[in-house]
Each structure stands twice: as structure tokens, then as C-alpha cells.
Amino acid sequence: MDGLRVGFPDGEAVRGVSFDMAAGEVFALVGESGAGKSLTARTLLGMVPRAARLHGRVLLDGGPVTPADLGRRLAWIPQDAMSALSPVHRVEDQLAFAVRSVSGARRREALAVARRALGEVGLGPEAAGAVPHALSGGMRQRAVIAMALVNGPALVVADEPTTALDPARQEQVLTLLRERCAATGAALLLVSHDLAAVRRHADRVAVTYAGRIVELGAADAVLDRPVAPYTRGLLASLPHAGIPRRTRLPVLAGAPPAPGASGAGCSFAPRCPHAAELCRREEPALRVVDGRAVACHHPAGEVA
Ligand code: SF4
């Protein structure tokens, strides 16, 4: 993804987002609601609102992505499994249909591929032959993972894929998703607000704010030793292990600007404890600080 901008009549919601991903890599997009992370992911899949104006390039294996890639080279795992599954057809038939629509395989062959894919995510014959409503939420999300991977995509985009599940199931499903992508060589773009889960599962992470990437690097560097004031504020506001009970956590005061509402300078300046005159005048470009890319005039850890 190179220089992606997504504009609407009231302003730009994604502003110059660039990143690349390697085969088998888990790359996470994190940030508050409205930061542009879901829109970035959906744009990558060609799922953008009609009113959107797009600039920039999305390349897969060096060539442009086309609408025909969805379901073949690109796969999508939504928040709600039922939005990816038909409620009235058996799970294995839905996967077999997806296989046939890409490969033209005979029904019996496609069904065998579907059953194998479902077995690989822990769904046996009984679950494979059921309609989605007969399955638990965790089993449905496993079925969606199997559906996403059944045609061997190069890239899987998962948008808050476990939000509808309880915490124990969330971890199981994320682990399964990461392991299946690693086994097939698919890159995984994970959109999430769950920074602890991202820390456990992602190789690299991009923190987004007001439609831009403000910090991008290895997940352990960014989440254990953040340098952008926004990333530091976001992490400080989360509960973490070892914190005494009843401790009042610092709050990231204020809210992100609406699309198009950012003026000159850094979009985070109204909320940033380190904002200075330069911050209000000039939007910071991404540059390398302490082994990661950071958009900030005064990142922590930088030698003055
Ligand atoms: S550029 Fe300035 S206002 Fe923006 S995050 Fe950095 S220190 Fe804060």
C-alpha cells in the first residue's frame, strides 16, 4: 500500500498511509475508533463506500489489486461471522461453493477440499455438515477462517475478528488464525483495538491517528517502548499486569478530530502534553527514530 488517501465530501479519512507486508507476516493496524484503520483495510479489499475518492496504490505481488482478487488472492474475515456465511446452507457446502467458483473443481472434489479445510481449523464432520446457526460463535469464526483460507490467498484481512467472542475464545481463535496463515504462507493484516492481543500475535504494528500512521515498527518495540506521544498515551490508559488494584489509570483526554477537521500542524497537538509551537504549525513527516518510523517532532527517546 503506497500513499493511500481516502477522501469524502467532508474531508479525508485516510491520509497518505503506506506499508508493505511479507508472506507469512502478521501486521496489525491499531488506534482509536475513527483513526482510519478499518477503512484502510477495507480499501485494500476494494470495499469502499461509493462516495469515496481514492488516491495511491495497492499492489499485491507487484501488480495492482482488482475486484476479482477478493475470495482468491485476498480474503476477508469480518467481526461478525454471520456476515460472511449464509444462514441457510451447510458450512461445508458454502466452502465447497467457494472452491468451485475459483477452481472449477467438480462438486465431490470441492467438498473434499472444504472438509479438509474445516478439519484444519478443528471442525469435524458434524460441524461441517451443520448450518451456521447450529454452531457456537467460536465455531462459526473457525468456519470463517477456513472459508478465508480455502483458496490459498496471499493476504488475509481480519477486521476485529474476535470482538464478538468471550476472552478465552478470542485468544484461541487468534492463535488459530495466526497459525493457519503461517502454515499457508498468507500474510495477515489484523485490525484491532486489543493491544495486548496484538502484542502476542503481530510481528509489526502500525499505530494510526486521524487517518495517518504515527508509529510503525516491530510489535515489541512499538508496544513495549513506544516513542510517539499518542502511542504512549494509548498504552498508558490500558490496564496491565502488575498494576495495583484500584489504581486510577491516566486517561487520554479529548477525542480524535473528525475527518477534515484537522488544521495545520500535528493532528494530535490539542491532546498532546508535549505540543510546542512547531507542532501547531507543521505536520510531522514519518522518520526513523529508535528503529521504527514515527511522525512526531518531539518523540520520546530522541536526543535533543
Ligand atoms: S508532533 Fe508535537 S503535538 Fe504531535 S505528537 Fe509529537 S510532540 Fe505531540
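View 1. The model is predicted: local features need pLDDT of at least 70, and side-chain atom pairs count only at pLDDT 80 or more, while totals for chains, interfaces and linings use all residues. Residues are numbered from 1 along each chain, and side-chain values use heavy atoms, without hydrogens and water.

**View 2. Salt bridge between R204 and E25.** The closest N and O atoms of R204 and E25 are 2.5 Å apart (a salt bridge is a side-chain nitrogen of Lys or Arg within 4 Å of a carboxyl oxygen of Asp or Glu). The pair links distant parts of the chain, 179 residues apart. R204 belongs to strand β10 (residues 204-209), and E25 to the loop between β2 (11-17) and β3 (26-30); strands are DSSP runs of E, at least two residues, and helices are runs of H or I, at least four. E25 is buried, at 12% relative accessible area (buried means under 20%, exposed over 50%, partly exposed in between; 1.4 Å probe, protein chains only).

**View 3. Salt bridge between D93 and R107.** Here the closest N and O atoms are 3.4 Å apart. D93 lies in helix α2 (residues 91-103) and R107 in helix α3 (residues 107-120). D93 is partly exposed at 23%; R107 is partly exposed at 44%.

**View 4. Salt bridge between R292 and E215.** R292 and E215 meet at 2.6 Å, N to O. Strand β13 (residues 292-295) holds R292, and strand β11 (residues 212-218) holds E215. Both R292 and E215 are buried.
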